Amino acid sequence: MTRWRLWIPLLLFAGFIGLAAYLLPQPKDDFVHSRMIGKAMPFFQLPQALPDKPTVTSAIFADGKPRLLNIFASWCVPCAAEAPQLQQLRQAGATIVGVDIRDRSEDLTRFLAQNGDPYQAIGADDVSRVQFLLGSSGVPETFVIDGHGVITYQHIGDIRADDVPMLLAKLREAGA
Amino acid sequence: MKFAGFLLFGAAMTSSPLMAQDQLPPAPYAYRQLSDPKLEAKAEALMGTLRCLQCQSQSIADSDAPIAGDMRSEVRLRIAAGEDPEVIRRWLMERYGDYVSYKPEISRTTWPLFAVPLVLILLAVAIVWRRVGRPS
């Protein structure tokens, strides 16, 4: 039995402490990221959220024009917070379609009157179906869809002011 | 002044929150069981091993988050349509990753969890064998 072997348990222990000391303070990522990035938009059809607004179906994404798909709801507070940023994106030339989650049309009408309406089309999703199809786990979320209907980017949470140029760049990458 | 504070406190305690979540009734099968007990048991077993996306420490069977209710409804409808529970799990994992499933799986990142105990047992057996197995 050589003497150096006596040190092995202590070294293992020190290694474990080092690993824990390094990993424990790492910031935790609570977001559930979608695995659908790079994949084609799955088939879906939604009823109209409002009578005077076209709805969103998976078919509209294959017309060569990249779009933002915004998952939102009138009951969602961060959705009201991101409304000015959506208006900014709209003014910068982005085409935005909305999927309205578990909402009533009268609440939606009030929400759009208060916060502005950046949407080209809005579909009503009362059972979170489109969220499951896209791998989305919360409201709001914003997906970048390219002109061939391929999902290229997922933004989780509300769009802040400094996310606007980033999303415009993602749209350009997607072929805008 | 004190009285005003008391009133304010009372008002704060009894008022309902201004913004609840949504006001829609839950999805058709969020809180309703399937009429066939066999299918319901299948759905329950699967729902107990799927993770709620919003309250991330609960299974969708345990959670009252709206999205968990929608997920239960989705699972029950698919089971009722004759889909295999493991196919439904795959379908969700294709979208949300391993994260959505509580069922342990051996994968590129999890294999050490399964391998290390085996290695330790083998090591222990080898040590015991050397010390006890062959008395000199």
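These legends walk through close-up views of a predicted two-chain model.

Because the model is predicted, local features need pLDDT of at least 70 and side-chain atom pairs count only at pLDDT 80 or more, while totals for chains, interfaces and linings use all residues. Residues are numbered from 1 along each chain as its sequence is written, and chains are lettered from A, with ligands numbered from 1, in the order in which they are written.

**View 1. The sheet of chain A.** Here is an open sheet of five strands in chain A, ordered β3-β2-β1-β4-β5, with mixed pairing. Strands are DSSP runs of E with at least two residues, helices are runs of H or I with at least four, and both are numbered from the N terminus. Two strands pair if DSSP finds at least two bridges between them. At the edges sit β3 (121-125) and β5 of chain A, each pairing on one side only. From one strand to the next the twist averages 20°. In general, strands of a sheet pair through backbone hydrogen bonds, either parallel or antiparallel.

**View 2. Strand β4 of chain A and its two partners.** On one side, β1 (residues 67-72) of chain A runs antiparallel to β4(A), and five bridges join them. Look for Arg67(A) opposite Ile145(A) in β4(A). Strand β4 (residues 141-145) of chain A also pairs with β5 (residues 151-156) of chain A, again in the antiparallel sense and over five bridges. In that pairing, Phe143(A) stands opposite Gln154(A) in β5(A). β4(A) and β5(A) make a hairpin with five residues between them, and Gly149(A) in the turn has a positive phi of about 80°.

View 3. Most residues other than glycine have a negative phi, and most peptide bonds are trans. Val139(A) and Pro140(A) are joined by a cis peptide bond, with omega about -5°. You'll find Pro140(A) in the loop between α4 (129-134) and β4 of chain A. Arg102(A) isn't a glycine, yet has a positive phi of about 45°. The loop holding Arg102(A) lies between β2 (96-101) and α3 (105-115) of chain A.

**View 4. Helices α2 and α5 of chain A.** The axes of α2 (residues 77-91) and α5 (residues 164-173) of chain A come within 10 Å and cross at roughly 40°. Axes are lines fitted to C-alpha atoms, for helices over the stretch in contact, and angles run from 0 to 180 degrees between N-to-C directions. Gln85(A), Gln88(A) and Leu89(A) of α2(A) make the contact with Val164(A), Leu167(A) and Leu168(A) of α5(A). Residues are in contact if their C-beta atoms, placed from the backbone, lie within 7 Å. By class, this contact has four nonpolar, two polar and no charged residues. Ala, Val, Leu, Ile, Met, Phe, Trp, Tyr, Cys and Pro count as nonpolar, Asp, Glu, Lys and Arg as charged, and the others, Gly among them, as polar.

View 5. Helix α2 (residues 37-47) and helix α3 (residues 66-80) of chain B have axes that come within 9 Å and cross at roughly 140°. That makes α2(B) oblique to α3(B), and their crossing is right-handed. From α2(B), the contact uses Leu39(B), Lys42(B), Ala43(B), Leu46(B) and Met47(B); from α3(B), Arg72(B), Val75(B), Arg76(B), Ile79(B) and Ala80(B). Seven of these residues are nonpolar, none polar and three charged. α2(B) also packs with helix α4 (residues 85-96) of chain B at about 35°, axes 10 Å apart. There, Lys42(B), Ala45(B) and Leu46(B) meet Pro85(B), Ile88(B) and Arg89(B).

**View 6. Where chains A and B touch.** Chain A puts 19 residues into the contact and chain B 20 residues. The chain A side divides into seven nonpolar, six polar and six charged.

Note on methods. Two residues are in contact if their C-beta atoms, placed from the backbone, lie within 7 Å. Angles under 35 degrees count as roughly parallel, over 145 as roughly antiparallel, 65 to 115 as roughly perpendicular and the rest as oblique. A crossing is left-handed if the near helix is turned anticlockwise from the far one by less than a right angle, and right-handed if clockwise.
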